[in-house]
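Q: Hi! Could you walk me through how the helices pack in this one?

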Amino acid sequence: MAGELRPIELAGPDSFDAFMLCLNLFGVAMLMLGYLTFGSFKMYRDKITWCFNTYGPGIYPTLYQTHVRALSEAWGRHRMSLLKQHYVLTRGIPPRESTFDVAQPWGQALVSLCGDVDFWHREIDTPGLMM
């Protein structure tokens with residue numbers, strides 16, 4: 001029936017605790033490769049933890065799906081948006097200074113993603129309030 005909640009099967013960690021172990025491993029790998037700073041990763045991890053703590057265990061499937069969409073879709077869009085802003089600033093007339101680090105764009109893009117109120121509202125807040 002339309003509008004009815006029903007069980008689904010997701011590929012991925014079966015619990016929030018298992019998910020956090022995987023997320024921490026991802027963070028360590030990204031830190032070791034130099035793609036993220038600890039601060040940018042911690043901000044994302046704290047955002048995920050806040051969502052879980054705010055809406056409770058029932059939000060986990062939605063939270064995991066949001067995480068997958070965040071990293072596979074939104075993160076890249078934020079990187080491209082920041083890069084575009086950087087080039088508009090630095091190649092404009094007159095050229096202006098940009099704080100965007102082209103050599104390490106992923107950390108700033110992750111911070112930008114964490115602050116994307118529309119994304120988190122659409123993906124987490126609205127479903128969380130309906131539970």
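Q: How are α1 and α2 oriented relative to each other?
A: α1 and α2 are roughly antiparallel to each other. Their packing angle is about 170 degrees, and the axes are 10 Å apart. Angles over 145 degrees count as roughly antiparallel, hence the label. One thing to keep in mind: this is a predicted model.

Q: Got it. Which residues of α1 and α2 meet?
A: From α1 you have Phe16, Phe19, Met20, Leu23, Asn24, Phe26, Gly27 and Leu31. They meet Phe38, Phe41, Tyr44, Arg45, Ile48, Thr49 and Phe52 of α2.

Q: And by class, what does the contact of α1 with α2 have?
A: There are 11 nonpolar residues in that contact, along with 3 polar and 1 charged.

Q: Which residues are involved where α2 meets α4?
A: On the α2 side, they are Ser40, Phe41, Met43, Tyr44 and Lys47. On the α4 side, look for Gly107, Leu110, Val111, Leu113 and Cys114. Split by class, the contact of α2 with α4 has 7 nonpolar, 2 polar and 1 charged residues.

Q: Let's zoom in on Met43. Is it buried, partly exposed or exposed?
A: Met43 is partly exposed, because its relative accessible area is 38%, between the cut-offs of 20% for buried and 50% for exposed.

Q: What does Met43 touch, leaving out residues up to four places away in sequence?
A: Met43 touches Val111 and Cys114. As for Leu110, the C-alpha atoms of Met43 and Leu110 are 8.4 Å apart, while the two residues are 67 apart in sequence.

Q: New topic: which residues touch the most other members of the largest nonpolar core?
A: Those are Phe16, Phe19, Tyr44, Ile48, Trp75 and Leu113, in a core of 29 residues. The elements giving two or more residues to this core are α1 (16-33), α2, α3 (60-90), α4 and α5 (117-130).

Q: Which one gives the most to this core?
A: That's α3, with 9 residues.

Q: Last one: what is Tyr44 in contact with, beyond its neighbours within four places in sequence?
A: Tyr44 is in contact with Leu23, His67, Ala70, Leu71, Leu110, Leu113, Cys114 and Trp120.

Conventions:
Residues are numbered from 1 along each chain as its sequence is written. This is a predicted model: local features need pLDDT of at least 70, side-chain atom pairs count only at pLDDT 80 or more; totals for chains, interfaces and linings use all residues. Side-chain values use heavy atoms; hydrogens and water are left out. Contact means heavy atoms within 4.5 Å. Helices (H or I, at least four residues) and strands (E, at least two) are DSSP runs, numbered from the N terminus. Ala, Val, Leu, Ile, Met, Phe, Trp, Tyr, Cys and Pro count as nonpolar, Asp, Glu, Lys and Arg as charged, and the others, Gly among them, as polar. A nonpolar core is a set of buried Ala, Val, Leu, Ile, Met, Phe, Trp, Tyr and Cys residues joined through side-chain atoms within 4.5 Å. Buried means under 20% relative accessible area, exposed over 50%, partly exposed in between (1.4 Å probe, protein chains only). Axes are lines fitted to C-alpha atoms, for helices over the stretch in contact, and angles run from 0 to 180 degrees between N-to-C directions. Angles under 35 degrees count as roughly parallel, over 145 as roughly antiparallel, 65 to 115 as roughly perpendicular and the rest as oblique.
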